[in-house]
Amino acid sequence: MANIVKKRIFYMDELRALAILGVILMHTTSTYRPFIYNNLKLGIPGILNALGCIGIPIFFMLSGALLLNRNYTISEFFKKRYTRILLPFIFYIVITLILEYFVLGSNTKQLIKIFFGDERYTWFVWVIMGIYLFLPVVNSFIKEYGFRGAEYFIGIWLITIILNTFGYYPFHRFELSYFAQFIGYCVLGYYLANKEFKITQKRITLLIVISIVSWIFYYMMTKYNMIANSSYLCLPIVITSIGVFLLFKAISSYSENNSKSSISKIHKKIEMGVIGKIILSISICSYGMYFLNSLLIKFYKLLDIHSLKMLPVLFIGIVFLSWIIVFLLDKIPFLKKFAGT
């Protein structure tokens, strides 16, 4: 039998909500390309776009945290995981292609690109489907070797990340493809979620500093073209992702072990209050929101509004509309399994 997580882990819901907000932030700011960095005001969309890049790595890390080192058969895994990702994919892609063709005027070539992930609509889904094919293999390895096995995998993966960052991956004929790409984030997520770290307020502060500094480093390197690859598979984004993931975990762990601290009181108030309910709902709806936000942005582009003042309105509007649509679909019994919740 597969292990069943009976209780939701709030810091993971926080991270998942943050991740989808980051993705939507990237997509909304992308409407202001090309980014202009010659003054702060004009460079704001580019700054925010770089900030949103953390969303995709966090999604992969959460997948690894929840799916690795678990007991399941291959058939159980594929039945559960692929049903969960494929049904919403089919539902949303059919709606998207219909609207793209009949309303937005896309041609057949553009529709094919959308379906196969050449545009931002579905590329993440194709990547995660590929990862799921290999994840049972990695799961068996982690079950056999535990944290030492995870450290071995992550160590080699980081070599590919460093090489990729500076344009040297693949390195000659040095075969590292089994350790490369996004699968490493999954193993990293499992390791960070399950490894015990000593948590203090000083270390929480240190994690904040590491996350901010590494993200600034990433932004500056991207701005001045200082690295060969400024994608999700570069060293600064990996470091930022580690810092953010551990920060949320650390705050949660510290709050549980220091119930009288100010951090614990604030965190508990957030978790148990209205904000916590919103975070939980966005987390649950995040997969469906991923599909919808790009389509909604396409309709916004028809308005041909490029004022920077509209950016906050656009971001909040896309977040709200994508969330409320998925939320309502989830309430309709025969559409619930297609909603992406």
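A residue is taken as buried when its relative accessible area is under 20%. In this predicted model, C186 has a relative accessibility of 1% and is therefore buried. C186 belongs to helix α7, where I183, G184, Y185, V187, L188, G189, Y190, Y191, L192 and A193 are buried as well. In total, 11 of the 12 residues of α7 are buried, so that the helix is mostly covered. The cover over these buried residues includes α1 (10–29), α3 (55–67), α6 (123–165) and α9 (235–257).

The length of α7 was compared with expectation. The helix comprises residues 183–194, and at 1.5 Å a residue its 12 residues should span 16 Å. The C-alpha atoms at its ends lie 17 Å apart, in agreement with that value.

The largest nonpolar core contains 92 residues, of which F60, L135, Y185 and F245 touch the most other members. Helix α6 supplies the largest share of this core, with 15 residues. A second core of five residues is separate, and I93, L104, Y121 and L295 are among its members. Y185, one of the residues with the most contacts to other members of the largest core, is also one of the buried residues of α7. With residues up to four places away in sequence left out, F245 touches Y11, L15, M61, L62, A65, G189, L192 and A193.

Cysteine pairing was examined next. A disulfide requires two cysteine sulfur atoms within 2.5 Å, and by this rule the count is zero. C53 is in no disulfide, as the nearest cysteine sulfur, in C234, is 8.3 Å away. For C186, the closest cysteine sulfur is likewise that of C234, at 17 Å, and because the cut-off is 2.5 Å this is too far for a bond. C53 is buried, with a relative accessibility of 7%, and C186 is buried at 1%.

The structure holds 35 aromatic pairs.

Definitions and conventions:
Residues are numbered from 1 along each chain as its sequence is written. This is a predicted model: local features need pLDDT of at least 70, side-chain atom pairs count only at pLDDT 80 or more; totals for chains, interfaces and linings use all residues. Side-chain values use heavy atoms; hydrogens and water are left out. Rings of Phe, Tyr and Trp (its six-membered ring) pair if their centres lie within 6.5 Å; planes under 30 degrees apart count as stacked, over 60 as edge-to-face and the rest as tilted. Buried means under 20% relative accessible area, exposed over 50%, partly exposed in between (1.4 Å probe, protein chains only). Helices (H or I, at least four residues) and strands (E, at least two) are DSSP runs, numbered from the N terminus. The expected span of a helix is 1.5 Å times one less than its number of residues. Contact means heavy atoms within 4.5 Å. A nonpolar core is a set of buried Ala, Val, Leu, Ile, Met, Phe, Trp, Tyr and Cys residues joined through side-chain atoms within 4.5 Å.
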